[in-house]
Amino acid sequence: MWEDRLEKIIIVEGRSDKKKIEKVIIDPDVTVICTNGTLGVEQFDELLYKYELDDQDVYILVDEDKTGLKLRKQLSRELPHAKHIHVNKVYKEVATTPEKDLAIALVAKNIEVNIAYL
């Protein structure tokens, strides 16, 4: 039986986070979307519809600060099937996390990365 491959969606906070992740990944089935730090009901509904988030493999990768943790909690409520990717609390932000550490965290979730970062 043929199964459609689900697209992987990584939700991040900001554009700098998105750029950093896109630099490391090579997985053709991954789309990185950013919330621009906040996520209102209307914006979430738009993302939910546009990316069909209920029907995709969703990963939450946000900063390990107060704002990021609040967003992670909100996304967890709205997308209970989402998987979590964490950066080391020492770096606090996805954008300041070394590429090697990001690559290791992504590989742990079966997301293909450029081996140069491992």
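1. E99 and K20 are both buried, where buried means under 20% relative accessible area, exposed over 50% and partly exposed in between, computed with a 1.4 Å probe and protein chains only. The side chains of these two residues meet in a salt bridge of 4.0 Å, N to O, the term standing for a side-chain nitrogen of Lys or Arg within 4 Å of a carboxyl oxygen of Asp or Glu. Because E99 lies in helix α4 and K20 in helix α1, the pair ties together parts that are 79 residues apart in sequence.

2. The model is a predicted one, in which local features need pLDDT of at least 70 and side-chain atom pairs count only at pLDDT 80 or more, whereas totals for chains, interfaces and linings use all residues. Residues are numbered from 1 along each chain as its sequence is written, and side-chain values use heavy atoms, with hydrogens and water left out.

3. The whole structure contains 5 salt bridges, among them the one between D27 and K8, at 3.2 Å from N to O. Since D27 lies in the loop between α1 (15-24) and β2 (30-34) and K8 in strand β1 (residues 8-12), this pair ties together parts that are 19 residues apart in sequence. D27 is buried, with a relative accessible area of 5%, and K8 also counts as buried, at 11%.

4. E64 is buried at a relative accessible area of 12%, and R72 is buried at 7%.

5. As for the fold, the protein chain has 4 helices and 4 strands, which are DSSP runs numbered from the N terminus, helices being H or I with at least four residues and strands E with at least two. Read along the sequence, these elements follow the pattern β-α-β-α-β-α-β-α.

6. The C-alpha trace spans about 45 × 35 × 20 Å along its principal axes, and buried residues make up 40% of the 118 residues.

7. On the surface, I104, V107, I115 and L118 form a nonpolar patch with about 390 Å² of accessible area together. Patches are made of residues with over 30% relative accessible area and no salt bridge, like charges being joined within 9 Å and nonpolar side chains (Val, Leu, Ile, Met, Phe, Trp, Tyr) within 5 Å, and the areas come from the Shrake-Rupley method with a 1.4 Å probe. V107 lies in helix α4 (residues 99-107) and is partly exposed at 38%, while I104, found in helix α4, is partly exposed at 45%.

8. A negative surface patch is formed by E7, E52, D54 and D55, with Asp and Glu counting as negative and the charge placed at CG of Asp or CD of Glu. D54 sits in the loop between α2 (41-50) and β3 (57-60).

9. Two backbone angles deserve a look. K92, which is not a glycine, has a positive phi of about 65°; it is found in the loop between β4 (83-84) and α4 and counts as exposed at 51% relative accessibility. N110, in the segment after α4, has a positive phi near 65° although it is a residue other than glycine, and at 62% relative accessibility N110 counts as exposed.
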